[in-house]
Amino acid sequence: MSSGVNYTRSEVRQMAGYVPGQQPSPGSRIIKLNTNESPLPPSPKVAVAITDVMRNDSIMRRYPDPQSMELRRIAARISGCQSSQVIAGNGSDELLRVVLDTFVEKDETVAFFSPSYSLYPVLTRIRGGRIKSLPLFQEGSIYQPDTDGIKLFFLTSPNAPLGFSFSNDYIRELAQRLNGILVVDEAYADFAGDNALALVHEFDNLIILRTLSKSYGLASLRVGLGFAVSALIEQLDKVRDSYNLDRLAQIGAQAALADQDYLQKTVSLVIKERQHLSAALQDLGFKVEPSQANFVFVTPPQGCLAVDLQAALEKSGFLVRYFSNPDLAHGLRITVGLRSEMDQLIDAIKNIG
Ligand SMILES: Cc1ncc(COP(=O)(O)O)c(C=O)c1O
């Protein structure tokens, strides 16, 4: 007897699905430092805007704007682009998939550094692309990859999970050498000293991705933004879901983007707490990678295994991220939280010590 499962495409049958970081149930007392969410809620203006829409009976029964035009306009104004240079997605995860579906034919090569965001290989496999996983470092410097035959390159800057940023000179050179599309995934760029957004005016093969899930405190709303020359955005627009952002996501994201003062306060707090956490862990003998993001990647002192520390912290009520990948298994990625959370974490590490 044939089983329906046998009809699954071979790429999908043979692959493992993406494993997201653990999500404890709402209301649990755990201190959650494993998926790089904001320690602060979103701007209060988001709830006001969403509540206003929900109260209006004649709005919610209608479909939302399929183009998310007002959201694109606000994002463009803040970013010094035209609206035609912006696309909005259901999280930047959707935009990563849309980019693959738009540019990559079966068996074409998709490259990224390892380690970087672990969703890239999963989406590439679903698309039927070939994965080229590149080492991040060669003899102590950032690797300059051979770009021959690469159709699409995902560059995470700041890098996840190590936290350093690629310079704009590096990104320029890569965009120039690449005979394909360069996506710079800037999920954490609001916490960094510099970013590559302005380079979309220089290169017609460059796409910059941003998300409201981190610095704007809106991981639940699922909103990502893409920036590129209008001709590329036009192609991406054909491939996304027709109503990819629901009305509440559009309205909430508009309110969040319009409140740049609130964003700046969140970013300043995270940067201050990043310094505090890094210094406190260094005092305990940890090696801390300098970070431009809202997390730090740390290696515990000799004699303490990262995997054991993660398990002990979980027992004490803290979630931090351990990656079993051999390049990362020596360390832990810890999301920057509020001062009280950071101090409790430090105390817990001392007690485990
Ligand atoms: C590098 C990177 N890109 C993209 C995302 C996903 O962002 P979004 O929530 O907008 O889908 C994440 C989430 O952790 C990330 O680390």
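Visitor: Where is Asn36 found?

Guide: In this predicted model, Asn36 sits in the loop between β1 and α2 (44-55). Its phi is positive, about 60 degrees, although Asn36 is not a glycine.

Visitor: Is Asn36 buried or exposed?

Guide: Asn36 has 22 C-beta neighbours inside 10 Å, and therefore counts as buried. The cut-off for that label is 20 or more.

Visitor: Which value does phi take in Asp107, and where does this residue lie?

Guide: Phi of Asp107 is near 75 degrees, again a positive value in a residue other than glycine. Asp107 belongs to the loop between α5 and β3. Asp107 counts as exposed because it has 9 C-beta neighbours inside 10 Å.

Visitor: Next, the cis peptide bonds. What is omega for the bond from Ser157 to Pro158?

Guide: That bond is cis, with omega near -5 degrees. The bond from Ala160 to Pro161 is also cis, and its omega is near 15 degrees. Pro158 is in the loop between β7 (150-156) and α7 (168-177), and Pro161 lies in the loop between β7 and α7 as well.

Visitor: How do strands of a sheet pair?

Guide: They pair through backbone hydrogen bonds, either parallel or antiparallel. Here, an open sheet of 5 strands has the order β1-β13-β14-β12-β11, and its pairing is mixed. β1 (31-33) and β11 (287-288) are the edge strands, each pairing on one side only.

Visitor: Which strand does β1 run parallel to, and over how many bridges?

Guide: β1 runs parallel to β13, and 3 bridges join them. Ile31 has Phe318 in β13 as its bridge partner.

Visitor: Which helices pack on this sheet?

Guide: Helix α10 (residues 260-283) touches β11 and β12, and its direction makes about 10 degrees with that of β12. Helix α12 (residues 339-352) touches β1 and β13, with its direction at about 95 degrees to that of β1.

Visitor: How is β14 paired in the sheet?

Guide: β14 is antiparallel to strand β12 (residues 295-299), over 4 bridges. β14 also runs antiparallel to strand β13 (residues 318-322), with 2 bridges.

Visitor: What should I expect of side chains along a strand?

Guide: In a regular strand they alternate between the two faces of the sheet. In strand β14 (residues 332-335), Leu332 and Ile334 point one way, Arg333 and Thr335 point the other way, and all are buried.

Visitor: What is the strand order of the open sheet of 7 strands?

Guide: The order is β2-β10-β9-β8-β7-β3-β4, and the pairing is mixed. The edge strands are β2 (86-89) and β4 (130-135), each of which pairs on one side only. On average, neighbouring strands of this sheet are turned by 20 degrees against each other, direction ignored. Strand β3 (residues 109-114) pairs with β4 in the parallel sense over 6 bridges, and Val110 stands opposite Ile131 in β4. Helix α4 (residues 69-79) lies across β2 and β10 (224-227), at about 125 degrees to β2.

Visitor: What describes two packed helices?

Guide: The angle between their axes and the distance between the axes. For α5 and helix α8 (residues 230-239), the angle is about 100 degrees and the axes are 9 Å apart. α5 is therefore roughly perpendicular to α8. The contact is made by Val98, Val99, Asp101 and Thr102 of α5 with Gln235, Leu236 and Val239 of α8. By class, this contact has 4 nonpolar, 2 polar and 1 charged residues.

Visitor: How do the axes of α10 and α12 cross?

Guide: They cross at roughly 10 degrees and come within 10 Å, so α10 and α12 are roughly parallel to each other. Glu273, His276, Leu277 and Ala280 in α10 meet Arg339, Met342 and Ile346 in α12. By class, the contact has 4 nonpolar, 1 polar and 2 charged residues.

Visitor: Last, the ligand. Which residues come nearest?

Guide: Of the 13 residues around the ligand, the nearest are Gly91, Ser92, Asp93, Thr211 and Ser213. The shell divides into 4 nonpolar, 7 polar and 2 charged residues. Helix α5 (residues 91-103) gives the most to this shell, with 3 residues.

Notes
Residues are numbered from 1 along each chain as its sequence is written. This is a predicted model: local features need pLDDT of at least 70, side-chain atom pairs count only at pLDDT 80 or more; totals for chains, interfaces and linings use all residues. A residue is buried if 20 or more other C-beta atoms lie within 10 Å of its own, exposed if 12 or fewer, and partly exposed in between; C-beta atoms are placed from the backbone. Two strands pair if DSSP finds at least two bridges between them. A residue is near a molecule or strand if its C-beta atom, placed from the backbone, lies within 6 Å of it. Ala, Val, Leu, Ile, Met, Phe, Trp, Tyr, Cys and Pro count as nonpolar, Asp, Glu, Lys and Arg as charged, and the others, Gly among them, as polar. Axes are lines fitted to C-alpha atoms, for helices over the stretch in contact, and angles run from 0 to 180 degrees between N-to-C directions. Two residues are in contact if their C-beta atoms, placed from the backbone, lie within 7 Å. Angles under 35 degrees count as roughly parallel, over 145 as roughly antiparallel, 65 to 115 as roughly perpendicular and the rest as oblique.
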